[in-house]
Every structure is written in structure tokens, then in C-alpha cells.
Amino acid sequence: MAKGRVNMGRIDRLLAEMTLEEKLGQLSMSAAEFAVTGPTSAQGIAESIRAGRAGGLLNIWGGERTRAMQRLALEESRLGIPLLIGFDVLHGHKTIFPIPLAEAATFAPLLWERTARVAAEEAACDGVNMTFAPMLDVARDPRWGRIAESPGEDPWVAARFAEAKVRGFQSSDLAAVDAIAATAKHFCAYGAVLAGRDYAPVDVSERLLREVYLPPFAAAVAAGCAAVMPGFNDVNGVPMTAHVDLLRDWLRQESGFEGVVISDYNAIAELMTQGVAVDLAEAASLALTAGVDIDMMSGAYLCGLPAALSRGLVGMDQIDLAVGRVLALKERLGLFEDPYRRGSQNALVASRRGLRRDLARDVARRAIVLLANDGVLPLARDLRKIALIGPLADAAAEMLGPWPGAGQAGDCVTIRQALTEALPEAEILYEPAVGIDDRDASGVAAALRFCRDADVVLLCLGESAHMSGEAASRAKPGLPGIQNDLARAVLALDRPVVAIIGSGRPLILPDLVEKAQATLATWFLGSEAGHAIVDVLTGAFNPVGRLPVTWPHDVGQIPINFSVRQTGRPADSGAPYASKYIDMPTEPLFPFGHGLSYSCFIVASLHAEPECFRPDDEISIAAEVSNLGPFAGEETLFLFVRDPIASVARPLLELKGVAKIALAPGESGILRFPLPARSLCFLGADLAPRFEPGEFRFFVGPSADPAHLACVTLRALSD
Ligand code: GLC
């Protein structure tokens with residue numbers, strides 16, 4: 001928990017003075033200006049604040065507007081308690097960074113922290129004091145639109161992401177003028193929704209919960225996150241908003257979380273729809289008993305808890321406990337000392353705009369994954385004619401992604417703008433040709449004419465920003481509309497084609513990757529998208545991005561991820577009776593960690609010690625990496641572990657570390673992966689952690705592709 005000044009005397013005094021309605025007001029957060037992600041927004045917000053029925057607002061920003069709301073609470077309500085002001089600052093506030101899935105592709109925790117720090121500075125400058133981020137849902141199903149908001153498929157990566165984002169948003173002092181409360185969401189296993197359909201039920205084993213879905217939240221709690229938001233989903237039949245075992249027992253008791261639990265938008269009322277509450281009073285009592293402190297938007301606490309009290313479903317002590325936690329958060333944010341401090345730093349933040357844009361460009365470049373390249377990239381410097389084709393070539397608004405924060409399309413640099421800037425001598429023949437998701441082919445003929453004349457075709461395809469994100473699951477996550485027809489027509493012209501794929505998820509791309517000379521995954525990269533993409537196309541930046549999710553051949557392979565247990569009949573056994581598909585490969589199109597460079601890197605050697613280790617030892621793994629040229633570049637290597645024989649079957653690969661090294665052409669260097677032996681503990685059949693003696697295999701390589709992993713074996717000795 002981020003330590004800050006908590007004046008318990010003030011809290012106790014306020015609790016003693018508060019009416020029931022004022023207490024329930026502190027447990028209620030309403031949308032101030034517009035409903036973003038659910039039923040209609042609250043009406044008459046100013047009156048609610050004056051009456052003490054709104055302890056927090058969401059979806060409002062701007063120094064003047066937020067100060068006006070704080071003034072209403074401070075000067076026109078009976079007790080003058082300042083407001084929480086929350087907003088979804090997921091990947092930037094005004095300077096928009098790559099969507100979280102793209103940012104994860106940088107595998108750069110320091111960058112993850114820096115972008116959160118900048119986002120917090122900008123948001124706090126706009127009077128926001130709480131963000132509903134980081135989103136920490138491990139996601140292995142590209143049909144699920146919220147994979148775009150996630151740090152990808154791996155719990156180790158998600159845990160590092162959690163730590164970095166909590167540090168970035170909250171800084172070391174939550175009361176600082178540019179610190180905002182982080183909310184780890186959506187607790188938990190939301191990424192495992194049935195059939196990839198948003199909000200759908202989740203059935204997971206206790207093992208999967210504890211090995212995959214809970215670790216990122218444990219990391220967020222350990223990093224001191226101020227709040228946690230339960231997901232809309234149920235887990236094994238119990239809605240997360242009412243999940244006593246996970247919210248009270250695991251989150252608060254087992255993990256020691258002392259902060260605030262805030263429901264998702266209208267989620268408490270939706271307990272009735274989910275079939276566990278007959279009315280609002282019951283819904284409110286279930287949520288409060290599970291440990292939900294703040295009711296976002298449903299009105300269940302204000303309208304349902306009085307009846308719940310009179311029906312004996314809850315006690316005043318539970319309400320006071322929740323109110324105390326909310327007031328303690330306001331204390332830690334410094335809101336009682338100076339509620340107007342956030343929202344008044346415009347000059348300070350404006351002065352550093354250039355630095356923020358530079359950071360946005362650097363992170364965006366690093367998020368780009370070069371999926372395939374036959375050498376057409378980097379583009380030759382003497383190109384005369386470039387055909388810039390496709391609906392995402394000049395689409396500023398789409399670059400913001402599905403959670404644009406306070407970002408503006410007008411602030412985004414498109415590929416077309418950046419290409420014109422970077423190659424002023426080249427003739428750029430631009431034609432969108434088709435819409436993102438419509439059937440209008442009227443522009444295709446013009447596009448093909450441009451392509452026939454061009455030295456190279458840049459084919460910019462993909463999704464719109466809102467085809468991923470919340471409530472945007474896709475059963476056929478491929479190129480929308482008639483973009484596949486456009487691609488086939490362009491690829492049939494026998495011209496060099498670079499496919500630039502903008503999306504919030506891995507897309508199913510039949511044939512495109514094989515037929516194009518190069519393919520880039522550019523996700524949604526934010527304010528500096530165009531500059532970043534063109535920097536990679538021209539070689540001004542040597543790509544470093546790596547896939548944080550496995551990229552499937554086909555929907556039929558989903559869910560798909562690298563960390564799976566071995567079957568008794570492996571697909572590659574060659575036996576007729578094997579765990580395989582008879583109509584497609586079992587391997588993905590691209591594995592977790594895949595990403596090409598303009599350099600050629602090799603792992604020249606791999607060493608590990610000690611040969612035998614005990615639980616309290618530190619294992620040292622060292623890989624010698626060489627850059628065979630021709631460009632200077634940065635290599636990312638992954639450390640995986642396998643426990644081939646154990647008391648329960650263990651995954652073929654478990655990620656235990658990531659390291660990077662920058663090398664000039666011809667240069668070699670050593671990458672080290674320090675690994676505490678205790679990190680090899682796993683949950684036994686009884687789900688208790690155990691350290692078992694025996695062989696352990698350590699793999700180092702550029703992705704989860706077994707063909708490119710160097711291996712060394714060590715032996716664990718019992719205590
Ligand atoms: C939405 C989302 C959640 C977001 C909240 C407030 O429904 O599920 O991630 O923070 O509402 O916008």
C-alpha cells in the first residue's frame with residue numbers, strides 16, 4: 001500500500017458525524033459528464049454532491065471543471081469531504097501511448113513506468129486523482145476485444161507490468177501533486193471469458209487461478225496499488241463483484257490488500273441479472289460483504305443498503321469499514337490538505353510537451369513487431385514512387401485505440417503525414433481504396449493503378465479503434481470489410497508489398513503474410529503512430545518489438561498460448577494418434593516473443609550454474625549474444641524453465657525472465673538472468689507451494705519457438 005499521511009482522528013470524527021446517506025454517498029461514484037461504458041449517466045450530479053450523495057466522480061477532467069466539482073463538495077456540502085475523481089487513463093491522458101498490448105511488446109518495464117508517470121502528470125494536471133488502470137487481465141483469446149487493454153498472455157509479464165504501472169501512476173508519494181491512485185483491474189480471470197465473449201462466465205481451475213490469473217494482482221498489491229476493481233465476470237458461478245473467497249479471503253486476507261475495492265460500472269446492480277440477488281438491497285449486501293467499498297454508477301449502495309440494513313443483511317460496522325477505507329484513500333491522496341492542488345499545474349506540464357511526444361514516439365517505435373521481412377525493409381533510400389494504400393494509412397482517430405483518454409485525433413500523426421515528412425523527394429500515391437469495415441470497392445481500381453506504377457506498396461490494413469476494447473469481441477478476428485479482397489488484388493500485381501497491420505489483437509491473416517514481402521504488427525500506437533511506423537520502415541529505427549501474445553493461424557486454434565502442459569501423445573510425435581488437428585497445424589502462425597530485427601543476432605553460447613542447487617541458492621544463467629550485422633540493434637532474449645518430471649505435470653515452458661542487449665554489428669555481449677532457485681517452486685497436487693529435487697531445463701532464446709531455444713540442464717537438490 002502506498003504509504004501516505006492518514007489522519008485517523010479526522011476519519012473517526014467524520015464517521016461519527018456522518019448520516020447514513022452521507023456514508024453511502026462516500027461509497028458511491030457517478031459519471032459526471034457522459035456515460036462511457038454502461039447504462040445512462042447520473043442526472044443532477046451537482047445536487048448529489050451538495051447533498052453528500054456522491055463521494056466520487058468518473059469521466060470528468062479539466063482543471064476548471066474538476067475544481068468546480070471539488071468546490072461544490074468542499075463549500076456546499078455539509079461535511080466538505082473532497083471528491084475522488086477517476087478516469088480511464090489506460091495508455092496516456094493527452095499524450096497517447098501505444099495500447100497496453102502494444103506497450104507490452106516493448107518488454108521494457110522502465111518504459112512502462114515512464115509512460116504511466118507522464119500519464120499521471122497530465123491527468124493530475126487535469127484534476128484527475130484516480131485512474132482505472134493498470135488492466136492486468138492475462139489474455140489468451142484474440143476473440144476477446146479487451147486483449148487490446150491487456151499486457152498479453154503471460155502472468156510473469158503481467159506481474160512486471162503491474163509493478164511498473166503502479167509505480168508510475170502513484171510515484172513514491174500518493175499525495176504528490178502529480179500522483180494518481182492506481183486501480184488494478186479487472187480482478188480476476190476476466191480474460192478467460194467463455195468463447196472470448198466479453199462479460200461472459202468464466203470457469204477456471206483453482207490451479208489456473210493461482211498460477212496465471214492471480215499473480216499479476218499479487219504483484220500490484222505488493223507494489224502498493226491503491227485500489228482494485230473486480231471484473232464483470234463470474235468465476236466458477238460466483239460473480240466477482242460478490243466473490244467473498246477471492247475479494248475478502250485472497251485479496252485482503254491472503255495478499256494483505258488494505259486499499260479500496262471499487263466495482264465496475266453498474267456491476268453491483270448487475271448481480272441481479274447474473275441471478276444471485278433478488279433486488280438491489282440483496283445485491284448491495286452481497287457486494288459489501290465481499291468487500292466492495294465503492295459502487296460505481298449502479299446506485300445500489302445509496303438505494304439498496306438502507307433496506308439491507310433494516311433487513312439485517314448487513315451491519316453498520318461493514319458500512320463504516322468501507323467508508324473508512326475510502327476516506328483513508330482520500331487522506332493518502334492529500335485531498336483533505338489541498339483538494340485543489342491537482343488541476344492547477346498547466347504551465348508545468350505544458351512546458352514538457354516535447355519531451356512527452358519524444359517518449360511517445362520512442363515507445364511506439366519499440367512496440368512495433370516486424371513479423372516477416374524478405375529484405376524489402378528497411379526501405380531503399382532512392383525510392384521514387386510509393387503507393388500508400390489502405391484505410392489505415394491516414395486514419396488519425398484510429399491510432400488512439402479503444403481507450404483514448406483525453407487524447408485528440410488531431411494530435412495524432414498518421415502514416416501518410418510522417419511518410420511525407422520523412423521522404424520529401426518521393427512521390428507518394430495515396431488511396432484508402434476501401435473503408436475499414438464496409439463493402440464499398442469504388443477506390444480499388446485507383447489503388448491498383450497507383451500500385452502498378454510504384455517502387456513499393458505500403459498496404460495499411462486492420463481494425464478500427466473500436467473493433468477491440470470493451471464489448472468488442474469478434475468471432476472472426478480477421479481483416480474487416482473487404483480488406484482481404486483489396487490485399488489479394490494488390491498482392492497479385494507482383495509489386496513489392498509491405499503490409500502494415502493496425503489492430504487491437506492478433507488478426508487472422510490467411511495468405512497475406514506469406515505473399516507480402518514484409519508484414520508489421522503496428523497495433524494502435526497513439527499520438528506518434530505515424531512517426532514511429534515510418535521510423536521503422538525507413539530504418540531510422542531498427543525494430544525491437546516482440547509479440548506478448550501468441551499469433552494464431554486460425555480462430556480454430558484459440559485459446560492458444562505457449563505455457564501449456566505436455567500431452568501423452570504430442571502432436572510432433574509423428575504417431576497417427578496424436579494431439580493435433582487434421583486440418584491445420586497445431587503451431588501458431590507466430591509464437592510468443594516473435595519479432596524480427598534488421599540485424600541478425602545469435603546466441604553463441606549458454607552457461608548456467610551451479611550445476612546442483614538448493615532452494616536458497618541463486619541460479620545464474622548467462623547467454624553470449626552476437627550481432628552478425630549489418631545494423632546496430634537491440635536483441636531481446638527470454639528465459640524459460642521446464643521441470644520435466646514433477647509430482648504434477650508442469651508446462652513445457654514457463655517464462656522466468658526477459659533481458660535485452662544493444663550491440664553494434666560484429667559485437668558480442670553477455671546477457672545474464674539471475675534466478676532465485678525458490679522461483680522454481682510450484683503448486684503441488686494440494687495447491688501448496690513446493691520445491692522438488694530433480695532435473696530442471698533452462699531455455700534461452702528470441703521467442704517461445706522451441707526450434708530457436710538454447711538449453712542447459714541443472715539439478716535441484718532437496719533442502
Ligand atoms: C467499464 C470498464 C472498466 C472501466 C469502467 C469505467 O465498464 O469495464 O474497465 O474502468 O467502466 O469507465
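This is a predicted model: local features need pLDDT of at least 70, side-chain atom pairs count only at pLDDT 80 or more; totals for chains, interfaces and linings use all residues.
A residue is counted as buried when its relative accessible area is under 20%. The buried residues run from A529, G530, H531, A532 and I533 through V534, D535, V536 and L537 to T538. Just after α21, G539 adopts a positive phi of about 90°.

An open sheet is formed by five strands with parallel pairing, in the order β4-β3-β2-β1-β10. Its edges are β4 (130-131) and β10 (295-296), each of which pairs on one side only. Strand β3 (residues 84-87) runs parallel to β4 and is joined to it by two bridges. The bridge partner of F87 in β4 is T131.

Most residues other than glycine have a negative phi, and most peptide bonds are trans. F107, which is not a glycine, has a positive phi of about 45°. F107 is located in the loop between α5 (100-104) and α6 (109-125) and is buried, with a relative accessible area of 5%. D511, also not a glycine, has a positive phi of about 75°. This residue lies in the loop between β15 and α20 (512-515), and at 39% relative accessibility D511 is partly exposed.

Cis peptide bonds join E609 to P610, with omega about 0°, and G629 to P630, with omega near 0°. P610 lies in the loop between β17 (601-609) and β18 (612-613), while P630 lies in the loop between β19 (618-627) and β20 (633-642).

Note on methods:
Residues are numbered from 1 along each chain as its sequence is written. Side-chain values use heavy atoms; hydrogens and water are left out. Two strands pair if DSSP finds at least two bridges between them. Helices (H or I, at least four residues) and strands (E, at least two) are DSSP runs, numbered from the N terminus. Buried means under 20% relative accessible area, exposed over 50%, partly exposed in between (1.4 Å probe, protein chains only).
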